[in-house]
Amino acid sequence: MEMANTRRIDASRETVWAAIQDPAMLEKCIPGCKEVEKLSDTEMTAVVVLKVGPVKATFKGKVQFENVAAPASLTLVGEGTGGIAGHAKGSADVELAEEDGATVLSYRIKAQIGGRIAQLGARLIDSTTQKLAAEFFNRLEAEFAEGGDADTALEPALSAAG
Amino acid sequence: MNGFAYLTPGDLAEALALLRQGDEASPLAGGQTLVPTMKQGLAAPETLIDLGGLAELAGLRVTPTHVEVGAMCPHAVVAADPEVRAACPALADLAGMIGDAQVRNRGTIGGSIANNDPAADYPAACLGLNAVIRTDRRDIDADDFFLSMFDTALEPGELIVSVAFPRCREAAYLKFRNPASRFALAGVFLARHEDGVRIAVTGAGTDGVFRWSEAEAALGREFTATALAGLAVPVEDMLGDLHAAADYRAHLVKVLTARALAAISQRA
């Protein structure tokens with residue numbers, strides 16, 4: 001399954017660039033995320049509880065950053081397993097462009113879901129994935145809309161990124 | 001399937017108190033979605049609170065203005081009730097089209113709308129008939145109840161007590177079903193009220209049940225097939241999956257709306 005979309009975020013490109021790699025920010029924005037842990041500059045682990053209707057499964061996985069071209073584009077590659085529920089893997093190509101002091105974020109997501117959850121939920125996987133992606137970016141937008149809270153939180157990350 | 005505790009409260013207050021005790025407790029209505037999900041290991045509540053013994057949620061009653069169905073009333077009872085059929089034949093028809101005989105004997109209206117599966121039938125009746133969902137703490141209009149697929153206005157620990165359907169002039173429910181699952185690939189509930197037309201569509205929208213307001217306005221002005229002719233639901237809002245592509249579902253919605261209109265016109 002593939003999907004693509006574009007979002008406008010009211011923050012500078014550098015700020016958004018730092019945000020999408022900041023474990024604390026990802027933890028806040030990924031729907032159902034319980035924890036994100038940074039292993040290195042390009043590697044993190046995450047625990048996400050997926051709740052769709054009656055289904056509730058905990059996925060544990062790894063996220064890596066590839067093709068990093070700061071602050072314009074990167075690819076997030078992830079893989080996770082949810083025990084008996086199944087497994088998921090996917091990637092997101094993210095591009096950031098400047099526009100009148102704001103940032104236009106474009107993403108293209110490829111995802112593959114397998115195992116029991118895919119067999120039973122085939123009719124729902126596409127719309128669920130779209131909904132989760134939309135919620136992620138809604139939360140990200142909200143973080144920047146809520147009075148610069150996100151900017152403050154990200155200052156150390158920004159200076160570390162140089 | 002994982003082990004779980006099974007509790008059988010005797011009334012609504014006791015059920016609510018049990019639900020408040022933990023996150024991992026789940027209310028059990030007819031179990032037609034929850035139990036198969038548990039059997040597959042895709043859900044593992046620690047406690048099931050069976051609502052079957054709650055008199056407050058049982059039965060149904062037909063008044064001069066409403067058909068009020070208790071949350072635990074099974075589909076088969078609604079389908080076979082002569083008073084429901086006389087007051088709102090479309091509602092009885094819809095209940096009779098849900099799933100198969102086993103699902104209709106066990107499944108309940110409360111379970112169906114609390115789950116809000118994007119292809120379930122009852123959400124279309126609630127939205128089309130402008131129902132009020134009565135819970136243990138408040139009344140919620142159907143327009144405010146269904147938020148998006150599998151998502152409703154219900155708070156954690158809130159239980160549906162009954163659903164009150166206002167009686168309308170006439171209504172029809174038409175469904176094109178997946179022959180295997182019997183879920184709606186598209187289902188259209190068309191209702192003519194004293195103050196206008198409501199059209200609720202299930203099974204087709206990416207965000208679950210929705211109202212087709214453009215067609216409502218058109219049929220409100222002129223209740224004929226001609227009024228529908230130039231209209232179309234936006235393909236980008238339609239669900240596409242291995243059973244039916246988005247443009248096919250958009251087409252089905254229009255065809256079913258026209259058939260519902262024809263069914264009402266023939267009856268009149």
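**Notebook: chains A and B**

I started just after helix H5 of chain B, where B:Gly99 takes a positive phi of about 50°. Helices (H or I, at least four residues) and strands (E, at least two) are DSSP runs, numbered from the N terminus. The model is predicted: local features need pLDDT of at least 70, side-chain atom pairs count only at pLDDT 80 or more, and totals for chains, interfaces and linings use all residues. Residues are numbered from 1 along each chain as its sequence is written, while chains are lettered from A and ligands numbered from 1 in the order in which they are written.

**Entry: H5(B)**

I listed the buried residues of H5(B) and got B:Ala90, B:Leu91, B:Ala92, B:Leu94 and B:Ala95. A residue is buried if 20 or more other C-beta atoms lie within 10 Å of its own, exposed if 12 or fewer, and partly exposed in between, with C-beta atoms placed from the backbone. An α-helix has 3.6 residues a turn, so residues three or four places apart point the same way.

**Entry: the four-stranded sheet of chain B**

I traced an open sheet of four strands in chain B, with order E11-E12-E13-E14 and antiparallel pairing. Strands E11 (170–177) and E14 (210–211) of chain B are the edges; each has a single partner strand, so one side of each is left without a neighbour in the sheet. Two strands pair if DSSP finds at least two bridges between them. E11(B) and E12(B) (residues 184–193) run antiparallel and are joined by eight bridges. I looked up B:Ala172 and found its bridge partner in E12(B) to be B:Leu190.

H5(B) (residues 89–97) touches E11 and E12 of chain B, and its direction makes about 20° with that of E11(B). H12(B) (residues 246–267) touches E11, E12 and E13 (196–202) of chain B, at about 40° to the direction of E12(B). Axes are lines fitted to C-alpha atoms, for helices over the stretch in contact, and angles run from 0 to 180 degrees between N-to-C directions. Two residues are in contact if their C-beta atoms, placed from the backbone, lie within 7 Å.

**Entry: backbone exceptions**

Most residues other than glycine have a negative phi, and most peptide bonds are trans. I noted B:Arg182, which is not a glycine and has a positive phi of about 65°. B:Arg182 lies in the loop between E11 and E12 of chain B and counts as partly exposed, with 15 C-beta neighbours inside 10 Å.

In chain A, A:Asn67 has a positive phi of about 50° and is not a glycine either. A:Asn67 sits in strand E4 of chain A and is exposed, with 12 other C-beta atoms within 10 Å. I also found a cis peptide bond between A:Ala70 and A:Pro71, with omega about -15°. A:Pro71 is in the loop between E4 (55–69) and E5 (73–81) of chain A.

**Entry: a hairpin in chain A**

I followed E2(A) (residues 33–40) and E3(A) (residues 43–52), which pair in the antiparallel sense over six bridges. The two strands form a hairpin with two residues between them. A:Lys38 has A:Met44 of E3(A) as its bridge partner.

**Entry: the A–B contact**

I counted 18 residues from chain B and 17 residues from chain A in the contact.

**Entry: chain B overall**

Chain B has 12 helices and 14 strands. I recorded that buried residues make up 44% of its 268 residues.
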